[in-house]
Amino acid sequence: MSIKDNLLEIQSELPKGVTLVAVSKTKPNEAILEAYEAGQRVFGENKVQEMVAKWEVLPKDIEWHMIGHLQRNKVKYMAEFVSLIHGVDSLKLLSEIDKQAQKQDRVISCLLQMHIAEEDTKFGLNQSELNELINSEAFKAMKNIKIVGLMGMATFTTDETQIHKEFAQLKSIFDSLKSEIPEISILSMGMSGDYNIAITEGSTMVRIGSSIFGARNYS
Ligand SMILES: *Cc1c(COP(=O)(O)O)cnc(C)c1O
């Protein structure tokens, strides 16, 4: 199937209110343009340099999402255009985003990344780190970032019960955070292998790469 067919099939399955981020990391501009011509406008990348290079040449109405683990010294390269940063998991990173956004006279939307997987290789905050961050004076003083929701990745496993449990846990953290920050609206969870489970558990944003663009080649 073509990129267009894959995209239209996934789009037709997604309930209203669930946004599709087409994860185009490692994929060439031609592949992105094929998805763009099929109507897709939101794309996700996990490397800043790669995202900048694509942003420079591709249509300007694309919304670029940074979905990967982000180093502080890279924030400045994308502060001018990035539309959502999914993987924020420290106050230090958030304060760098705030600083770079201020230089661009922008407010950058961010998701806080929560650690929900069993594996300890995945990045993210735990519940007490989340509380500490949002209650800190430094956070409250930031004017150029806006927390719009949470993001998380489930354990890479075939055990669906486990995946359900981890996404349900993230949804419950999201619901309790919403009582403190009522403006939050985005719960970014679900990838090619587990987005149907994520949607059942309340995802509002899925990040799908290989099911649209095919398997990635890392060389
Ligand atoms: C690569 C990536 C995805 C997409 O993965 P697929 O399995 O190809 O759908 C989603 N989220 C993050 C954070 C990623 O790095």
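**Charges on and under the surface**

Lys 99 is partly exposed, with 44% relative accessible area (buried means under 20%, exposed over 50%, partly exposed in between, with a 1.4 Å probe and protein chains only). The model is predicted: local features need pLDDT of at least 70, side-chain atom pairs count only at pLDDT 80 or more, and totals for chains, interfaces and linings use all residues. Residues are numbered from 1 along each chain as its sequence is written, and side-chain values use heavy atoms, leaving out hydrogens and water.

The side chain of Lys 99 forms a salt bridge with that of Glu 96 (3.8 Å, N to O); the term requires a side-chain nitrogen of Lys or Arg within 4 Å of a carboxyl oxygen of Asp or Glu. Both residues lie in helix H5 (residues 91-103), 3 residues apart, about one turn of the helix. Helices are DSSP runs (H or I, at least four residues), numbered from the N terminus. Glu 96 counts as buried because its relative accessibility is 15%.

Helix H8 (residues 160-180) holds both Lys 171 and Asp 175, 4 residues apart. Their side chains meet in a salt bridge at 2.9 Å, N to O. Lys 171, at 24% relative accessibility, is partly exposed, and Asp 175, at 38%, is also partly exposed. Elsewhere, salt bridges with shared partners join Glu 45, Glu 50 and Lys 54 into one network. Lys 54 is buried at 5% relative accessibility, and Glu 45 is buried at 0%. The whole structure has 5 salt bridges.

Notes:
Helices (H or I, at least four residues) and strands (E, at least two) are DSSP runs, numbered from the N terminus.
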